[in-house]
Every structure is written in structure tokens, then in C-alpha cells.
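Okay, thanks for making time, everyone. Let me put the structure up and we'll walk through it together.

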Amino acid sequence: MNDLHVQPLGPEDLPALRVALDGRSVTDSSQWPARRAELRSLCVPPVYGAFPALPKQVRCEMLHQATVRAMEDARLWSCRVLADGAPVCLMRVFLPASGGPHPVVLHGDGCWHTATDGVIADLLRRGYAFAQFNRVEIAPDMPGPPRPVAALAAWAWGYHRAVDALCQLEALDATRIAVVGHSRGGKAALLAGATDERIALTSANNSGAGGAGCWRGGTTGAETLADITRVFGYWFAPALAQWAGREATLPFDQHFLKALVAPRALLTTEALGDHWANPQGTWVTHQAAQAVFDWLGVPQQLAIRYRAGDHAHTPADWAALLDFADHLWRGAPRPAGLGGPPDSLDGRGPG
Ligand code: GCU
């Protein structure tokens with residue numbers, strides 16, 4: 001990445017996070033819950049529309065339990081998640097052979113098989129459980145007639161129902177649930193983590209437009225609001241398309257969504273060569289959101305990591321998530337390599 005790919009844009013160009021709708025500055029952390037609610041109403045419905053209704057009851061039905069010899073005798077549970085009696089999705093939960101309660105990494109991209117056996121074995125070896133569902137069972141990832149609920153909201157809701165189910169499994173540590181997804185799945189994971197305070201760690205990989213990227217710009221050649229709403233309109237609230245070409249006047253940007261995660265933990269993992277996913281704009285929203293994490297006294301809860309290469313959810317990205325979780329939950333040192341991209345707008349290299 002070099003300066004030719006970067007548009008002049010900084011965190012100061014984004015709408016203020018700590019000025020309430022009544023114009024007053026938000027100075028005391030006791031005001032955060034109210035401001036957080038405002039931020040949510042400003043940045044969630046206009047982009048993603050309404051979520052499906054909250055069910056009264058969610059059940060995790062156990063369908064089968066197996067031992068996976070090829071994964072050091074890991075336990076593998078097949079479950080069905082039901083909301084008010086209706087099936088939501090299937091979910092597979094891998095657990096280390098013994099011990100617990102285990103922290104768990106929840107992944108919704110079953111449709112992509114980015115969590116290879118090697119990735120899952122590594123998670124288990126490091127003492128994490130791994131739960132996977134397939135978000136397209138909840139809302140298909142195909143264009144079609146207008147839908148009452150846009151796909152990203154349906155997928156995020158799916159993460160929430162999977163969390164409901166995971167909270168019912170005693171072998172898991174419900175205070176240490178991480179969610180992760182890649183690209184469109186990363187957009188869904190970020191939305192899920194931003195809107196559910198039971199999720200302790202949110203992670204989005206190469207999530208770009210409608211995820212961790214900045215609507216206002218960043219990387220030349222990044223996907224724009226016009227691009228994404230034209231091709232993937234069914235992911236978003238229909239009214240979002242009206243902002244195409246007028247992004248500079250949006251009353252929010254994606255740093256609002258990132259800030260909703262505070263004071264819980266957020267890691268985004270980015271690829272320097274993935275220009276379409278706007279690595280520079282993601283750094284801008286990161287810096288803007290960092291101000292809220294700093295102000296709340298939890299600067300270390302927000303992290304970003306850049307690697308060389310292209311659009312993919314690689315084993316290195318999975319390892320970066322586990323290294324960060326080890327730091328948050330197990331007292332491991334803060335991983336090396338977190339920080340802005342080389343040649344970032346403010347010149348700060350990886351920290
Ligand atoms: C397309 C889309 C992106 C999305 C990506 C993916 O490239 O334009 O917004 O992130 O698909 O999900 O892989």
C-alpha cells in the first residue's frame with residue numbers, strides 16, 4: 001500500500017461520538033449507556049434495518065455427541081437452535097477432550113468452510129471451544145424479491161440466537177464468548193457484537209463496506225456505498241442506497257458501530273492488499289473509535305491487525321484472534337503486530 005491508494009481522510013472528518021443529540025458533550029462515563037443507545041439508533045436501523053423479533057424462548061436441542069479421534073479426542077456436539085419452537089439453524093460445537101468451562105469462539109460462516117480442520121484443531125489445542133453455524137440457513141445469500149428483514153440483520157440475529165444456545169451449555173464459559181466472521185460474515189459478526197452485550201469479544205476479518213470500513217472513503221478503489229447497495233442491496237435497509245454520493249453528510253459512520261462494542265473487546269483483522277475492503281478507511285474508523293475506548297479507560301480492548309496479502313480468512317487471522325483472546329482472558333502479553341498499517345495516514349506504523 002502506498003500513498004497513491006490513500007484519500008485524505010482522518011478521524012476528525014467523522015461525526016463526533018461524544019456529542020449527544022441535544023448538542024451537549026458527553027464527558028462522564030455514566031452518560032455512556034444513554035449515548036450508546038443514541039449511537040445505536042443513529043447507525044443501526046438506517047444501514048441494516050430492523051432485526052427479526054426477539055424470541056421469548058430459545059432452546060438448544062442436542063442431536064448427537066461424538067468423539068473426534070483425529071482431533072485429540074475432541075468432543076463434537078451437533079445441536080439444533082430453536083426460537084419459540086421454530087428451527088433457526090443447526091450448530092456444531094467442538095470442545096477440547098476434557099475440562100471446562102471453556103471460552104468459545106462462535107463463527108457463522110459455515111457456508112464458506114474457512115474454519116478448516118487445522119484451524120479448529122489449533123483452537124482446541126489452545127483450550128477454546130469452537131461453535132459454528134451457517135448463517136445462510138437463517139437468510140439466504142441470494143438476491144431476490146424485497147425481504148422484510150435485510151440479510152445482515154438476520155445473520156446478526158442468528159449470532160444472537162446461537163449465543164442464547166451456547167449460554168445453555170455448562171461446558172462453556174458464557175462470560176467468554178467471542179464472535180467472528182469474514183467479509184460479509186465479518187459485517188454480520190461486527191453488527192452482532194455491537195448489539196449484544198453478552199458477547200465479550202467481537203472480531204471481524206476483512207469486513208470492509210458495511211463492516212469496519214469507512215463510508216466516507218479511505219483506500220482508492222475501495223467498495224463504495226453505491227457499489228454495495230447496487231449489487232448487494234438485500235444485505236441492507238433499502239433506504240441506505242439514498243446516501244450514495246452523499247456519504248460526507250451521513251450523520252454517522254462505521255466508527256459508531258465499533259464504539260457500540262465498548263467497553264467490551266473488538267479486534268478487526270485486515271489485509272493490506274484487499275483494497276476493495278478499504279484497509280485505510282478501516283484505520284480511520286479505528287482511530288475514531290479508539291477515542292471512546294480510551295475515554296472509558298479500556299484502551300487495550302480495541303485492536304486492529306494488518307497483514308500482507310489479499311482478501312481471505314487465513315490461519316494467521318484466526319491465530320491473531322486467539323492471541324488477542326489469550327491476552328484478554330489468560331493474561332498473555334499483548335500480541336505484537338497490532339496497530340495501524342504501514343504508511344498510514346498519520347504515519348504511525350504497527351505498534
Ligand atoms: C463482495 C462484496 C463485499 C463483501 C465480499 C465478501 O466482494 O462487495 O462487500 O465483503 O463480497 O463477502 O467476500
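So, to get going: in what sense do β4 and strand β6 pair, and over how many bridges? They pair in the parallel sense, over five bridges. Bear in mind as we go that this is a predicted model.

Let's stay on β4, which covers residues 102-107. Six of its six residues are buried. His102, Val104 and Leu106 point one way, while Pro103, Val105 and His107 point the other way.

Now the neighbours. If you find Leu106, its bridge partner in β6 is Val179. β4 is also joined to strand β5, residues 129-133, by four bridges, and those two run parallel as well. Look for Val104, which stands opposite Ala129 in β5. To get from β4 to β5 the chain goes through helix α3, residues 117-125, and this β-α-β crossover is right-handed.

How do β1 and β2 run relative to each other, parallel or antiparallel? Antiparallel, with ten bridges joining them. Cys60 stands opposite Val81 in β2. The two form a hairpin with five residues between them, and in the turn Glu72 has a positive phi of about 50°.

β2 pairs with β3 too, again in the antiparallel sense, over nine bridges. Leu76 is opposite Phe94 there. This hairpin has two residues between the strands, and Asp84 takes a positive phi near 50°. As for cover, seven of the ten residues in β2 are buried.

On to the ligand. Around the ligand you'll find, among others, Trp112, Arg184, Glu223, Phe232 and Trp276. Which distances should we look at? An N or O atom in the Ser183 side chain is 2.5 Å from a ligand oxygen. For Lys187, a polar side-chain atom lies 2.9 Å from an oxygen atom of the ligand. And for the His311 side chain, the distance from an N or O atom to a ligand oxygen is 3.2 Å. Taken alone the ligand exposes 320 Å², and the protein buries 83% of that.

Last stop, helix α9, residues 315-330. At 1.5 Å a residue, its 16 residues should span 22 Å, and the end C-alpha atoms are 21 Å apart, so that agrees. Its buried residues include Trp318, Leu321, Phe324 and Trp329. Just after the helix, Gly331 takes a positive phi of about 75°.

Definitions and conventions:
Residues are numbered from 1 along each chain as its sequence is written. This is a predicted model: local features need pLDDT of at least 70, side-chain atom pairs count only at pLDDT 80 or more; totals for chains, interfaces and linings use all residues. Side-chain values use heavy atoms; hydrogens and water are left out. The expected span of a helix is 1.5 Å times one less than its number of residues. Buried means under 20% relative accessible area, exposed over 50%, partly exposed in between (1.4 Å probe, protein chains only). Two strands pair if DSSP finds at least two bridges between them. A crossover is right-handed if, with the strands pointing away from the viewer, the path from the first strand over the helix to the second runs clockwise. A residue is near a molecule or strand if one of its heavy atoms lies within 4 Å of it. A polar contact is a pair of N or O atoms within 3.5 Å; within protein, one must be able to donate a hydrogen and the other to accept it, and residues adjacent in sequence count only if both atoms are side-chain atoms. Accessible areas come from the Shrake-Rupley method with a 1.4 Å probe; for residues, only the protein chains shown count as cover.
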